[in-house]
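Trainee: I want to learn how to read strands and sheets. Can we work through a case?

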Amino acid sequence: MEYIVVVGAKMSNTGSQSMVFQIVGEMHKRFPNKKVVALMNHKRALVENMNEIYNFEIISFCPADILYLYGGIQNVAGRMLGVSKKNINHIKAVLQNTCLAFDVSGYSLSSNWSGANSLKYLYQIAILKKYQIPIVVMPQSFGPFEYGVVFKQYINRLGKKLLPYPNIIFAREKYSYHIVRKQFGLNNVAISMDMVLLGKEVDQSILLKPTIKLREYSIQEGCIAVVPNNKLAEKFSLEAALEIYVSAINYLTECKKKVYIVQHSETDRNLCNKLAAKFHTNKDITLLQANLNCLEYDLLIRHFDFIIASRYHALVHAYKQKVPCIAIGWSEKYNNLLDILKQDRYMIDAKKFNKEELFKKIDIMLQNYDVEHMQIQRFFENMDEDLYQMIFRQIEIKE
């Protein structure tokens with residue numbers, strides 16, 4: 001049995017999950033005799049439960065496993081953190097028979113997150129390289145690379161050594177394309193739109209066990225969804241994040257709109273709870289906190305007139321359902337996404353948040369969401385980029 005491996009994803013994040021689903025669906029179509037396995041940063045007990053739900057195998061691939069398999073002094077650190085010999089042997093057996101690997105990290109190689117996070121990203125590539133596995137880094141964002149002194153030289157040296165190895169690295173934005181090429185001296189980088197934005201609908205039977213039924217929700221007409229992102233609180237502060245979302249909800253209720261607060265990722269749970277608590281007496285505000293998978297999120301989000309969101313793939317999935325969005329972001333990936341869809345007038349920079357700007361954009365959207373729906377629909381009707389055709393022009397995998 002030959003394997004196709006996916007790294008860099010977490011099923012607790014709906015956007016990350018949707019990237020895995022896209023790979024599983026496409027590889028099932030192209031290589032029906034190969035098995036897709038996802039190596040994920042989830043504890044083994046949780047992985048056991050996941051393998052009762054999904055039609056593809058998930059293997060626990062936590063930081064301790066990555067350090068152990070990387071080798072050297074990191075191997076000792078991995079042992080100290082605690083690894084399962086059985087799990088390590090399983091990972092090795094899969095990697096020894098893997099013909100292709102996809103990295104779907106989304107946005108990991110950046111000083112916007114911890115230096116340790118960037119090292120984990122690079123160590124994963126090193127492990128795949130050790131097994132001489134072809135790698136495709138699927139469309140993702142990169143940079144900036146303004147690490148502290150402890151990490152800066154090591155990450156730069158390691159990146160220059162490892163990042164030339166993948167067959168192709170797809171950057172989602174021009175900014176990412178230029179900065180990752182310049183920082184690490186690369187010539188294997190190309191630009192592509194987000195893989196979920198480009199992706200086709202995947203048959204549920206390929207992804208989920210037959211016993212799993214998708215949950216659907218009855219949403220009355222004229223409602224708006226607010227989809228928070230805890231990374232806004234991490235990057236600025238919890239108070240700043242709450243101010244943004246509370247301002248949006250207050251204004252929407254003044255406009256006589258019913259609002260749903262939708263949790264998009266498990267890491268957003270605390271922020272969603274605190275936000276909902278601000279409106280606990282308001283019957284026009286509903287908290288929807290059901291750990292939806294990305295297929296269920298699609299079924300839900302299509303019912304709203306528009307959404308206000310800070311989760312990148314919450315925006316992508318809404319656009320796929322032709323639902324307009326007001327985006328509240330802080331990095332180039334948000335600007336680039338809205339530019340592509342000609343929705344840039346609905347972009348709000350969280351670093352320069354201004355209530356009046358938010359209210360103005362809500363007013364414009366309330367007047368124009370039907371027009372924007374048609375604009376988004378035209379975008380998808382005219383979209384002709386084929387990501388996998390680009391990939392398999394460069395990599396030959398025998399069926």
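Trainee: In S11, which residue is the bridge partner of Val226?

Mentor: Ile308 is the bridge partner of Val226 in S11. First, the ground rules. This is a predicted model: local features need pLDDT of at least 70, side-chain atom pairs count only at pLDDT 80 or more, and totals for chains, interfaces and linings use all residues. Residues are numbered from 1 along each chain as its sequence is written, and side-chain values use heavy atoms, without hydrogens and water.

Trainee: How many bridges pair S8 with S11?

Mentor: Strands are DSSP runs of E, at least two residues, numbered from the N terminus. Two strands pair if DSSP finds at least two bridges between them. S8 and S11 (residues 306–309) pair over 4 bridges, in the parallel sense. S8 also runs parallel to S9 (residues 259–262), joined by 3 bridges. There, Ile224 stands opposite Val259.

Trainee: Which residues of S8 are buried on each side?

Mentor: In a regular strand the side chains alternate between the two faces of the sheet. Buried means under 20% relative accessible area (1.4 Å probe, protein chains only). In S8 (residues 224–227), Ile224 and Val226 are buried on one side, Ala225 and Val227 on the other.

Trainee: What is the strand order in the open sheet of 7 strands?

Mentor: The order is S3-S2-S1-S4-S5-S6-S7, with parallel pairing. S3 (57–60) and S7 (189–191) each have a single partner strand, so one side of each lacks a neighbour in the sheet.

Trainee: Where does S7 meet S6?

Mentor: 3 bridges join S6 (residues 168–171) to S7, in parallel. Phe170 stands opposite Ala190 in S7.

Notes: Buried < 20%, exposed > 50% of the residue type's maximum accessible area, 1.4 Å probe, protein only.
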